[in-house]
Amino acid sequence: MARKIAGIVQANHLSRFDLKYDVLHLPREARARSIRLFGEKVAPRVRELLADDADDWRLTGRTPAQIIQGGKAVHA
Amino acid sequence: MAELEFGLNSFGDVATDGGRVLSDAETLRLMIEEAQLAESVGLDVFSVGEHYREGMVDSATPVLLAAAAQATSKIRLGTSVTVLSTQDPVRLYQQFATVDGISGGRAQLVLGRASAIESFPLFGYDIADYEDIFEEKLDLFLRLMREDRVTWSGTYRTPLEAVRLHPRMPEGGIPAWIGIGGSPDSVIRAARHGLPLMMAIIGGRPERFAGHAELYLRALAQFGQPELPIAQHSLGFIADTDDEAKNVHWKHWQPVVKQVSEERGFYAPTAERYAEEVDTGRSTSDRLRPWRARSPASCRRTICRVST
């Protein structure tokens with residue numbers, strides 16, 4: 001998982017990654033466990049992986065992803 | 001590259017305890033505990049969304065953040081996102097200047113147009129103004145943060161004449177990001193105003209947004225802005241084992257998506273589809289479970305529920 005996040009960080013040139021952890025009626029212990037694992041295991045591992053790998057991000061010329069319709073952004 | 005920062009975002013989803021659904025008040029107190037926990041496990045930012053739906057208690061954002069400020073000492077406190085379109089920029093400035101003061105300079109904002117539109121009828125705004133209203137309010141809010149005295153007039157609120165708001169934010173204001181859900185126009189807007197970019201990634205492979213990042217960096221260069229940070233907001237759940245993550249998340253994910261799918265007419269969640277999304281690389285990992293939709297139509301509807 002940390003490798004995947006590290007990959008996304010590089011692909012998307014991120015300097016910050018936020019996790020939305022809550023889901024309706026998720027038990028409070030599961031929420032706490034998720035937060036704890038994110039902070040204590042995942043985050044340090046991602047930083048470690050990125051430290052090993054120099055920032056090789058560069059422009060690829062890819063077209064921006066779009067959620068648009070008729071030239072306008074679509075909003076529900 | 002500067003060290004990567006990690007944020008934790010809550011939408012104020014009501015929790016359960018031993019099978020009992022917590023009251024709204026209990027969930028609010030739980031969120032403050034979770035802000036403390038986020039700080040204790042070394043996370044950099046705790047932020048709350050802004051919603052006006054049953055089952056979500058994150059409506060009075062600055063009040064929550066002020067409480068979180070008193071319960072913590074280091075972690076930065078922000079929003080994910082603030083629906084600027086239906087806020088008064090003057091009051092927003094005052095509220096977040098207050099949170100910033102109370103927290104010792106830890107307040108920040110992500111400003112967005114909203115993909116959930118409940119706030120428009122609730123506060124008496126016309127959804128037809130969706131585009132213009134955000135631009136106008138952003139312009140005013142940035143001037144209030146960046147200038148000392150502001151004289152301003154526009155369409156959606158009364159004019160201001162040499163107004164100096166209090167309490168004062170630090171000179172230049174507090175960190176403010178632009179939150180985007182996929183619109184390239186919003187990427188350009190962030191670059192034009194010289195604001196960092198927060199990409200709320202709900203549908204498809206996260207790498208798909210590399211194009212947005214590139215567009216943003218090119219636009220910054222064209223507008224003569226310095227290179228600014230890019231962040232990403234994803235949905236996920238982490239457990240000790242893959243099976244636990246999968247089972248616990250599915251159990252709670254399924255009813256929520258089912259309800260939204262009925263309200264908004266997109267795919268009904270099935271166990272098969274969930275398993276496929278988890279297992280086929282559409283999630284960011286085997287354990288992290290982003291809440292992911294597949295088609296543009298389902299993406300934008302899922303955004304309604306999860307991204308503002």
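Helices (H or I, at least four residues) and strands (E, at least two) are DSSP runs, numbered from the N terminus. The model is predicted: local features need pLDDT of at least 70, side-chain atom pairs count only at pLDDT 80 or more, and totals for chains, interfaces and linings use all residues. Residues are numbered from 1 along each chain as its sequence is written, chains are lettered from A and ligands numbered from 1 in the order in which they are written, and side-chain values use heavy atoms, leaving out hydrogens and water.

View 1. B:P167 sits in the loop between β9 (160-163) and β10 (176-180) of chain B. B:V81 belongs to the loop between β5 and β6 of chain B. Most residues other than glycine have a negative phi, and most peptide bonds are trans.

**View 2. Positive phi at two histidines of chain A.** A:H13 has a phi near 60°. It lies in the loop between α1 (2-11) and β1 of chain A. A:H13 is buried, at 13% relative accessible area (buried means under 20%, exposed over 50%, partly exposed in between; 1.4 Å probe, protein chains only). A:H25 has a positive phi of about 70°. A:H25 lies in the loop between β1 and α2 (28-52) of chain A, and at 30% relative accessibility it is partly exposed.

**View 3. The surroundings of B:T86.** B:T86 lies in the loop between β6 (82-83) and α3 (89-103) of chain B. Its relative accessibility is 7%, so B:T86 counts as buried. Its side chain makes a polar contact of 2.8 Å with that of B:S119 (a pair of N or O atoms within 3.5 Å; within protein, one must be able to donate a hydrogen and the other to accept it, and residues adjacent in sequence count only if both atoms are side-chain atoms). Leaving aside neighbours within four places in sequence, B:T86 is in contact with B:S119, B:F120, B:F123, B:Y125 and B:K137 (contact means heavy atoms within 4.5 Å).

**View 4. Helix α6 of chain B and its ends.** Helix α6 spans residues 184-193 of chain B; 7 of its 10 residues are buried, so it is largely enclosed by the rest of the structure. The buried residues include B:V187, B:A190 and B:H193. B:S183 caps the N-terminal end, with a side-chain oxygen 3.2 Å from the backbone nitrogen of B:D185. Just after the helix, B:G194 takes a positive phi of about 70°.

**View 5. Packing of helix α2 of chain B.** In helix α2 (residues 61-71), the buried residues include B:L64, B:L65 and B:A68. The buried residues of α2(B) pack against α1 (24-40), β4 (45-48), β5 (76-79) and α3 of chain B.

**View 6. Confidence along chain A.** Mean pLDDT is 79 for chain A, and 68% of its residues reach 70 or more (pLDDT is the predictor's confidence in each residue, from 0 to 100). Where pLDDT is low, the predicted coordinates should not be read in detail.
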